[in-house]
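Have the model open and follow along.

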Amino acid sequence: MLIGQLATVGMGVADVAMIGHVSAGDLAAVALGASIWSIVIVTVMGVMMAINAVVAHEVGAGKFERIPHVVRQALWKALGIGSIAFVGANLGVYLFDFLGLDPLVRDKATTYVHVISIGLPAFTAYRALYGYSTSLNQTKPMMIIALGALGFNIFGNWLFLYGHWGFPKLGAVGCAIATSGGLWLMLIAMLWWIARSSAYHKTFPFTHWEGPNRQQIGSMLKLGLPIGITYFAEVSAFSAVCLLVARFGVVPIAANQIALNFVSLVFMVPLSVGIGLITRVGQTLGEGDPVRARFVAWVGVAMAFGFGMLSATFIALCRYQIAAAYTSDPAVQQMAANLLLFAAIFQLSDSTQVAAASAIRGYKVTRSPMFIHLTAFWGFSLPVGCLLGLAPAWMPWHPVQPMAASGFWIGLVLGLTVAAVLLVRLLNRLSLRRIVLSAAL
């Protein structure tokens with residue numbers, strides 16, 4: 001799963017790294033387009049994650065005959081969510097009209113979103129099958145498929161960004177074409193793998209046609225929507241920073257996107273641990289063993305925290321080299337390196353909060369993490385970021401000069417710390433309560 005997640009996010013990394021050597025304007029356009037795209041795709045991923053917990057519990061209980069129905073309904077759900085996400089992404093570009101952007105950058109960012117959003121229906125269906133496969137402990141397909149899609153994306157960027165082999169030189173739009181095509185390729189490859197591998201025969205979901213079942217889809221939405229809102233709270237805070245920084249010019253936009261892009265890549269490690277926790281905690285609870293479920297949960301949190309220590313050290317020591325790998329513009333390099341220092345600081349809290357939240361989802365508890373994330377990011381992170389980054393004169397206290405991107409990243413450090421503390425406390429109470437309830441039965 002880790003390799004698969006890294007390869008999937010690597011598509012975005014390849015986009016930014018390759019476009020960064022075209023021009024700062026094209027990089028800014030991708031940054032702005034990605035601010036809308038990231039909110040939509042991560043929220044959708046969260047909504048679709050309900051299938052992980054549902055299938056994991058059925059596997060743990062040995063009720064394999066129920067799984068094909070769940071998967072078929074998850075795919076109907078994916079069709080609806082993907083269509084809504086497509087419309088939402090394309091409506092989101094109207095935000096660019098209120099940011100005072102350079103018209104050329106605005107037009108490129110708008111076209112980028114229009115093109116890349118074509119891949120959303122494929123992505124939602126792929127995530128339904130992804131959750132089904134991981135809950136059966138079949139993770140190798142996602143690794144191979146994602147690596148193939150990454151190769152396709154890099155090759156597509158090479159063709160469309162730089163205009164090789166007679167193709168037009170499309171810049172930022174070329175990134176969108178390559179990424180959108182890669183998402184459809186991932187879905188096709190996943191369908192082929194499930195049809196050919198014997199590991200899925202016992203729970204094969206495509207034996208017959210089945211229409212949408214409102215009760216089953218509603219049940220998964222009830223579980224998945226809070227996860228989607230939780231993911232929305234976090235990613236929208238990061239994307240809002242990108243949009244708010246836009247008023248300070250092309251260099252801050254580009255630097256912010258570089259730092260955010262690299263942090264997103266690093267985040268895939270604790271996120272992969274978290275996805276594994278949903279499956280392992282869910283399976284263990286399905287077996288009726290809450291003591292072991294608590295043990296599994298805390299092992300996962302400890303693993304994520306340990307990785308956070310390593311990633312914080314690496315980013316702090318190598319931030320200038322990381323920035324230079326993305327762009328050759330000296331001003332962008334310097335500002336990106338400064339922002340990466342804040343990224344190093346919040347690695348411990350970011351890794352811890354995603355693992356704790358995922359373990360809680362393994363208990364089929366999704367509303368409490370949602371409220372915690374909304375409080376942390378919209379109650380603490382963004383208000384503090386706006387206070388420091390924009391320094392509005394009407395506030396009773398504010399810096400003498402706006403801190404721009406640095407002020408917003410300080411707010412992100414605060415928000416992630418609040419989320420980590422509250423989620424760890426919730427996981428401790430929840431896991432202990434489940435043990436007590438089990439012992440009383």
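Start with Glu 210, whose side chain makes a polar contact with the side chain of Gln 73 at 2.5 Å. Keep in mind that this is a predicted model. The Glu 210 side chain also has a polar contact with the side chain of Arg 72, at 3.0 Å. Setting aside neighbours within four places in sequence, Glu 210 is in contact with His 69, Arg 72, Gln 73 and Trp 76.

Where does Glu 210 sit? Look in the loop between helix H8 (172–196) and helix H9 (214–245).

Now hop over to helix H5, residues 103–116. Which residues of H5 are buried? They are Val 105, Ala 109, Thr 110, Tyr 112, Val 113 and Ile 116. Looking down the axis of H5, you'll find these buried residues within an arc of 155°, so they line one face of the helix.

Last stop, the largest nonpolar core, which has 139 residues. Helix H10 (residues 250–286) supplies the largest share of this core, 18 residues. Phe 346 and Trp 409 have the most contacts inside the core. Beyond its neighbours within four places in sequence, Trp 409 is in contact with Phe 346 itself, and its other partners include Val 241, Asn 256, Leu 260 and Phe 342.

Note on methods. Residues numbered from 1 in each chain as written. Predicted model: local features only at pLDDT ≥ 70, side-chain atom pairs only at ≥ 80, totals over all residues. Heavy atoms only, no water. Helix = DSSP H or I, 4+ residues; strand = E, 2+ residues; numbered from the N terminus. Expected span 1.5 Å × (residues − 1). Buried < 20%, exposed > 50% of the residue type's maximum accessible area, 1.4 Å probe, protein only. Arc of directions from axis to C-beta. Core = buried A, V, L, I, M, F, W, Y, C linked by side-chain atoms within 4.5 Å. Contact = heavy atoms within 4.5 Å. Polar contact = N/O pair within 3.5 Å; in protein donor to acceptor, adjacent residues only side chain to side chain.
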